[in-house]
Amino acid sequence: MRRRVTPARRTGAAGAALVLCSAGVLLGVAATPAQAAEVSFATHCVPPAGIDPVDGTTKVEITAPATAKVGDTVDIVWKFVQAASKNPDIIDLPANSVQPSGVLKAAGAQAADIAMQGPRENPAIPKGGDMVLSDMKGTLKLTTAGEVTLTPDAYTVNAMSTDTKCTPKETVQKAATIQVTPGSGGTSSSSPTQSATPTKSATPTGGTDFKGKEVQVPYACKTPIGDKNATSPVQINARKNGGDYDLTVQFKKSVMNSPADIPKDSVKPSMEVVLGGADKGTVHVEGPTNAQPIKSGDPIEIPDLTGTYKPGASGTSTLAPGVLTIKALGTTTTCTPEKSLVSLTLDTAQQPGGASGGTSTSGGSSSTGGAGSSGAGGLAETGSGDHGALKALGLVAGTAILLGAAVFTFMPKRRTR
């Protein structure tokens, strides 16, 4: 027997469908969509040493949430719509040989420099073809309610162990805005957080561990293949050991790529941590040699650097990343911070033989094994008489410079025929 559907039942079914549809619409409205905005700006690019700087136009698209709340950590994407150059008519660039990194400026309710980096992923780029750069990603933890604007800033293109640094020539327009609503763990817009403010924190158990602030350190490096600049996130942590502190310095990003194949146990990093505030001097920290071989073009990862800080003064003392030294295959690379950024602040008590007025430990700036420091980024003198390896490395480094020069001769958008 067939059931007859009455108008009332039809109306009820239609109403139920309408309710479900409305619920779907409401859910869609409640979700916070990402926004994407494109900006273009005149750019000044400096290729490797020996190549004339070139001006071009960069176009980027920044994607970020339209709204969020205090305490959220938001993901941000920097997409290159157009780089400031084409690949010159010299050589073809192989696939997966180019890696971009850069800085995105947050302003308004919260000021911060957001480190952005993309993977070494690109299609093969023929001579004269458009430069294709991967999308860069970064994160920002929101600390202040209000409007936070995002603006592209300087970026670096790395290939074949060479860097090309590009900086805006004009005031760049904001590319995205995040409306930040109040939430737990933040502040109001009347008291913005300073991103470079050092922090001091103790673990809940024992109160002996102190975690430093991650700071973006701009390094000027003298390497065997010339002068280079790189920015790396660095964090200094400490553990109280009696009246002393066991330090651990962590690099979250490599500051250089290897110009040649390097065997294991042949790269030795060290740093002089700079003391300030009540205390003065430096603390020498160092890391182990590389446990695995490093292929040419791969990043030279900096392992955790450790050392002991013996306070030389009572009061509030600060610790900042200092000069980084990397010794490899008889060469010395020295990276000097372009500005001092405090990562950790400690309440210290003076210890006998402490650091005030000098250094906690010696040997940070002295040579080891008879190796002298290299002048102007040249090869170090080892005193061993074994110059074959040095000459070979020099040839490889020279080749890298020539290749880098060929690849990153920046040109205007239109090529001159």
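This is a predicted model: local features need pLDDT of at least 70, side-chain atom pairs count only at pLDDT 80 or more; totals for chains, interfaces and linings use all residues.

Colleague: What makes the disulfide of Cys 45 and Cys 166 right-handed?

Modeller: The torsion about its S-S bond is about 115°, and the disulfide is therefore right-handed. Cys 45 belongs to strand 1 (residues 34–46) and Cys 166 to strand 9 (residues 162–168), so the bond ties together parts 121 residues apart in sequence. Strands here are DSSP runs of E with at least two residues, numbered from the N terminus.

Colleague: How do you know that Cys 221 and Cys 335 form a disulfide?

Modeller: Their sulfur atoms are 2.1 Å apart, and this link is also right-handed, with 115° about the S-S bond. Cys 221 lies in strand 12 (residues 215–223) and Cys 335 in strand 20 (residues 331–337), so parts 114 residues apart in sequence are tied together. With the bonded cysteines of the protein chain numbered in sequence order, the pairing reads 1-2, 3-4.

Colleague: Why is the contact of Lys 105 with Asp 113 called a salt bridge?

Modeller: Side chains of opposite charge can pair when their charged atoms come close. The term requires a side-chain nitrogen of Lys or Arg within 4 Å of a carboxyl oxygen of Asp or Glu. For Lys 105 and Asp 113 the closest N and O atoms are 2.9 Å apart, so the pair qualifies. A search of the whole structure finds seven salt bridges.

Colleague: Is Lys 105 buried or exposed, or in between?

Modeller: Buried means under 20% relative accessible area and exposed means over 50%, with partly exposed in between (1.4 Å probe, protein chains only). Lys 105 has a relative accessible area of 32% and is therefore partly exposed. Asp 113, at 40%, also counts as partly exposed.

Colleague: What do the side chains of Arg 239 and Asp 209 form?

Modeller: They meet in a salt bridge, at 2.6 Å from N to O. Arg 239 lies in strand 13 (residues 226–241) and Asp 209 in strand 11 (residues 209–210), so the pair ties together parts 30 residues apart in sequence. Arg 239 is partly exposed because its relative accessible area is 47%, whereas Asp 209, at 19%, is buried.

Colleague: What makes a nonpolar core, and how many residues has the largest?

Modeller: A nonpolar core is a set of buried Ala, Val, Leu, Ile, Met, Phe, Trp, Tyr and Cys residues joined through side-chain atoms within 4.5 Å. The largest has 40 residues, and those with the most contacts inside it are Ile 62, Ile 76, Trp 78, Leu 140 and Leu 150. Its largest share, five residues, comes from strand 8. A second, separate core of 33 residues includes Phe 210, Val 234, Leu 247 and Ile 302.

Colleague: Why is Leu 305 called buried?

Modeller: Its relative accessible area is 0%, so Leu 305 is buried. Leu 305 is found in strand 17. Contact means heavy atoms within 4.5 Å; leaving aside neighbours within four places in sequence, Leu 305 is in contact with residues including Leu 247, Phe 251, Met 271 and Leu 324.

Colleague: Why is Thr 318 given that label as well?

Modeller: With a relative accessible area of 18%, Thr 318 is buried. Thr 318 lies in strand 18 (residues 315–320). Not counting residues up to four places away in sequence, Thr 318 touches several residues, among them Val 274, Leu 275, Val 342 and Leu 344.

Definitions and conventions
Residues are numbered from 1 along each chain as its sequence is written. Side-chain values use heavy atoms; hydrogens and water are left out. Helices (H or I, at least four residues) and strands (E, at least two) are DSSP runs, numbered from the N terminus. A disulfide is a pair of cysteine sulfur atoms within 2.5 Å.
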